[in-house]
There are 2 protein chains.
Amino acid sequence: MAYRRLNEESCLSYIRSIGIFPDDAHLSCREVGDGNINLVFIIRNESNAKSVVVKQALPYVRCVGESWPLDLGRTIREGRALEIQNRLAPGLVPELFRVDPDLALIVMEDLSHLGVMRPGMIQMRRYPLFADQISTLMANLGFFTSDLYMDPVEKKALVEEFINPELCKITEDLIFTDPYYDCERNNVNPALRPYLEQVFWQKEALRLEAAKFKYKFLTEAQSLVHGDLHTGSIFASSAQTKAFDPEFAYYGPTAFDPGSLIGNFFINYFSWDGKDNSPEDVGNYRSYLLESVNDIYTLFERKFVENWQRCAKDIIAGVPGYRDFYMRNLLVDTLGFAGMIMIRRMHGLAHNIDVDGIADLGRRSEVQVRILEMGERLIMNRAGFQSIRDVTELIRQGTS
Amino acid sequence: MAYRRLNEESCLSYIRSIGIFPDDAHLSCREVGDGNINLVFIIRNESNAKSVVVKQALPYVRCVGESWPLDLGRTIREGRALEIQNRLAPGLVPELFRVDPDLALIVMEDLSHLGVMRPGMIQMRRYPLFADQISTLMANLGFFTSDLYMDPVEKKALVEEFINPELCKITEDLIFTDPYYDCERNNVNPALRPYLEQVFWQKEALRLEAAKFKYKFLTEAQSLVHGDLHTGSIFASSAQTKAFDPEFAYYGPTAFDPGSLIGNFFINYFSWDGKDNSPEDVGNYRSYLLESVNDIYTLFERKFVENWQRCAKDIIAGVPGYRDFYMRNLLVDTLGFAGMIMIRRMHGLAHNIDVDGIADLGRRSEVQVRILEMGERLIMNRAGFQSIRDVTELIRQGTS
C-alpha cells in the first residue's frame with residue numbers, strides 16, 4: 001500500500017485492520033503530536049482503557065511544508081532501534097507492536113500515563129529507580145552492539161542499517177557547529193548576546209575541542225546509540241523508566257548517550273539559580289541531582305564492566321590494560337559530550353524549558369553564562385577528572 | 001544473466017559481446033590469476049597488442065573450495081573504488097571499462113607491461129616518480145572522501161556503499177589480532193619461534209597498543225582507503241605508478257594506506273641484512289629507500305594540506321589548530337600502522353618475499369627480529385616523533 005498521510009479516522013481504520021484490538025472493541029483515536037516531523041496518534045480501547053501509539057513519519061518538516069523533505073525510512077530505523085533496545089534492555093523502552101514500511105509508521109506501547117522527565121524535574125520530582133534503570137539501557141546498548149561483543153561481520157551489517165544521514169546532520173549542525181559561532185540558526189537570548197560576542201565566540205581553544213568532538217561524532221562507529229537521550233525523551237515515574245524516540249539512533253561514540261543525559265541533569269541543576277524556590281528546597285534537589293549523576297555514571301560503568309567480564313568475545317578485550325583504556329575514554333568522552341550538550345541548549349536552535357522557563361531575560365542569561373562556563377570547563381578539563389565524583393564535587397563546591 | 005564461472009573461452013565470448021574491441025579483431029585470452037579468490041584473464045587484440053584485464057570474483061576461496069564462501073559483491077565494490085580513485089587521482093590506478101554485477105567481474109586496463117614494485121625492489125630497482133605519484137593518490141583519496149570536503153549526507157552514502165565486512169575481517173584478524181599471540185593461523189619461521197615465545201608474545205604493552213589500532217580500524221570511518229596498499233599491489237616503472245586491487249577498500253583511518261606502504265618500504269630496507277649484495281650497493285639502495293619514505297610522507301602531507309587550504313568545506317576545517325591536530329594524528333597513526341604492518345609480515349599468515357627470500361632460516365630470523373623490534377619501536381614511540389625524518393633518521397643510524 002502506498003504512503004498516505006493518516007488522520008484520526010484513517011488511523012483508526014488502519015488499527016482495526018491489523019487486529020491489535022478485538023474486532024468489537026469501541027476504539028477512539030486522537031492525534032497528539034507536537035513535533036514537526038511526525039504524526040502521533042493515541043488509539044484507546046474505551047472498554048478497558050488499553051491503548052497504543054501510532055507514530056507516522058511525515059515526508060517533510062511540518063512547519064516549513066513540502067520544501068524541506070525528509071526521508072520516510074527514519075521510522076523504520078526507529079522501529080529497528082526499539083526492537084534492539086527491547087531485546088537488550090527489556091522494559092526500558094516502549095514495547096513495539098508493528099512496523100509498517102509502506103505507511104512509514106510504527107505501532108507501540110502507549111506510555112502517556114507516565115510523565116516526561118523534563119517537566120517532572122522542573123517540578124523537583126525525584127525518580128528513585130532512574131539511575132539504575134537508565135544505566136542498564138546504556139550499558140547494554142553500548143556493550144552488546146560494540147565490537148567487544150558482536151561478530152564483526154554482523155556488527156557492520158548493523159552499522160549499515162543505522163546509517164542515518166539526515167538526522168545525524170541535525171546533530172552535527174545544531175550541537176557541534178552552530179553554537180560555536182554567530183550562526184543564523186542560533187536562538188539567542190538578547191541579554192546573553194553581549195557575552196557570546198565578547199567572550200564565548202572568542203574562545204578558540206574551546207572551538208578546537210568542539211571540532212574534535214564533531215570529528216568523533218562523524219567518524220567513530222563504536223556502538224548503537226539512542227542519539228537524543230535527554231530528559232525530554234524519557235518517560236519516568238517513581239517505578240519506571242522508558243526512553244523513547246530513538247529516531248536519531250546510529251552507530252556512534254558510546255559516550256554520546258551518557259553525555260547527553262548528564263548534560264541535561266547539569267542544566268537542570270544550574271537552572272534553579274534563576275528561580276524563586278526556597279534555598280532549602282533547591283539545596284536538597286541539587287543534592288539529589290548530583291547523587292543521581294554519580295549513580296547514573298557509576299552504575300553505567302559497573303554494568304558495562306560486568307558485561308565485559310561475562311560476555312566479551314573479541315580477543316583484544318582480554319589484553320591487559322585495554323578495558324581500563326576503554327573505560328577511561330568513555331568517561332572523558334562523556335564529560336566532553338555533556339559539556340557540548342550544555343552549551344548547545346543555551347543559545348543553539350533548541351533550548352531546554354528548564355532554563356527558558358526563567359522569564360526574566362537578564363536573570364536567564366546569568367544562568368546561561370554559568371552553564372556555558374561549566375560546559376566549557378568540562379570540555380577543556382575532561383582529561384583531568386578521575387571519576388564522575390570529581391565532576392559533581394566541582395559543581396557542588398561552585399554552587400554551595 | 002546469472003553468475004557463472006568464466007573460463008578462457010567463455011571470457012573471450014563475453015568480451016566480444018560487450019564491444020570493447022572491433023568486431024573483426026583477432027583476440028586471445030589467458031587466465032593469469034595466482035590468487036585464491038579471483039580469476040584474472042588477459043584478453044589481447046593480437047593485431048595491435050591492445051589488451052584488457054577481466055577480474056572475476058569466485059564465490060569461494062579457490063584452494064579450500066566451496067566450504068569457504070565469499071561475497072561476490074566485492075568485485076562491484078572494487079569497481080566502485082577504481083571509479084572513485086580514477087576520478088580523484090587520474091592515471092594512478094587502472095582505467096575501468098566495465099562493471100558487470102551479474103558475473104561479478106570488472107574489465108579494466110591491462111598493466112602487465114609494468115612490473116609489480118615488490119619484485120622490482122628486491123632487485124634494487126628505483127622509481128624516481130613514485131613518491132610524487134603515490135602521494136597524490138593518498139592525499140586526494142584521504143582528503144576528498146573525508147568529512148572535511150564531502151557533504152556529510154553524501155559521505156555517509158559512500159560509507160554505506162563501502163561497508164566491506166568479509167575483507168575487513170581478514171585485516172582485523174591477520175594484522176591486528178593473530179600476530180600478537182601464538183595463533184594457529186600464523187606462519188612462523190621455526191628459527192624465529194623462540195624469540196616469539198620468550199620475548200615478543202610476552203610484550204603486554206605492545207599488545208595494548210595493537211588493540212588500540214584494531215579499535216581504530218574497526219570504528220574510525222575517516223576516509224575511503226585502498227585498504228591493502230603494499231608494494232605488491234602497485235605496478236610501477238620509472239615513469240608510472242598504478243595502485244591496483246582495491247578490493248579491501250572501505251571507510252577507515254586515512255593513515256592506514258601510508259602506514260601500510262611505509263611499513264613495506266622498511267621491511268625491504270631491513271631485508272638486505274640477510275642478503276649478500278655489496279655493502280656499497282646496499283648502502284646506496286637504503287639511502288634511496290629512506291629518501292623515498294621521506295618524500296612519500298612529506299609530499300602526502302603537503303598535498304593533503306593544499307587540498308585543505310583550497311577545498312575544505314566543513315566549517316570546523318577553519319578552526320585554528322584543527323588542521324595541525326588532524327595532520328599530527330595522521331603522522332602518529334601512520335607510524336603505528338607501519339609498525340603493525342612490519343610485524344604482521346614477519347610471522348602472520350602472509351609474508352613478504354623481501355624477507356622470505358632469505359633462504360637461511362637463522363639469518364632470516366635475525367632480520368625478522370630486527371624488523372619486529374623496529375615495528376614495536378614505531379608503535380610504542382609513535383607520539384614522540386615530530387616528523388617522518390625523525391623516523392628515517394633513527395633507522396639510518398641504527399643500521400649505519
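How many salt bridges does the structure hold over all chains? The structure holds 58, a salt bridge being a side-chain nitrogen of Lys or Arg within 4 Å of a carboxyl oxygen of Asp or Glu. Side chains of opposite charge can pair when their charged atoms come close.

Before I continue, a word on conventions. This is a predicted model, in which local features need pLDDT of at least 70 and side-chain atom pairs count only at pLDDT 80 or more, while totals for chains, interfaces and linings use all residues. Residues are numbered from 1 along each chain as its sequence is written, chains are lettered from A and ligands numbered from 1 in the order in which they are written, and side-chain values use heavy atoms, with hydrogens and water left out.

Let us turn to individual salt bridges. In chain B, the side chains of B:Lys303 and B:Asp132 meet at 2.6 Å, N to O. This pair links distant parts of the chain, with B:Lys303 in helix H10 and B:Asp132 in helix H4 (residues 130-144), 171 residues apart; helices here are DSSP runs of H or I with at least four residues. B:Lys303 is buried, with a relative accessible area of 14%, whereas B:Asp132 is partly exposed at 40%. Buried means under 20% relative accessible area, exposed over 50%, and partly exposed in between, with a 1.4 Å probe and protein chains only.

A second pair in chain B is B:Glu161 with B:Arg80, at 2.3 Å, N to O. Because B:Glu161 lies in helix H5 and B:Arg80 in helix H2 (residues 73-88), the pair ties together parts that are 81 residues apart in sequence.

In chain A, a network of salt bridges links A:Lys55, A:Arg74, A:Glu78, A:Asp245 and A:Glu247.

I now come to the interface. Chain B and chain A bury about 3,400 Å² between them, 71% of it on carbon and sulfur atoms; buried area is the accessible area (1.4 Å probe) that two parts lose on being put together, summed over both. In chain B, the residues that lose the most area to chain A are B:Lys156, B:Ile163 and B:Tyr215, together 17% of what that side buries. Contact, meaning heavy atoms within 4.5 Å, joins 35 residues of chain B with 35 residues of chain A.

Which salt bridges cross between the chains? The rule finds four across this interface. One salt bridge between the chains joins A:Lys214 to B:Asp314, whose closest N and O atoms are 2.9 Å apart.

Conventions
Helix = DSSP H or I, 4+ residues; strand = E, 2+ residues; numbered from the N terminus.
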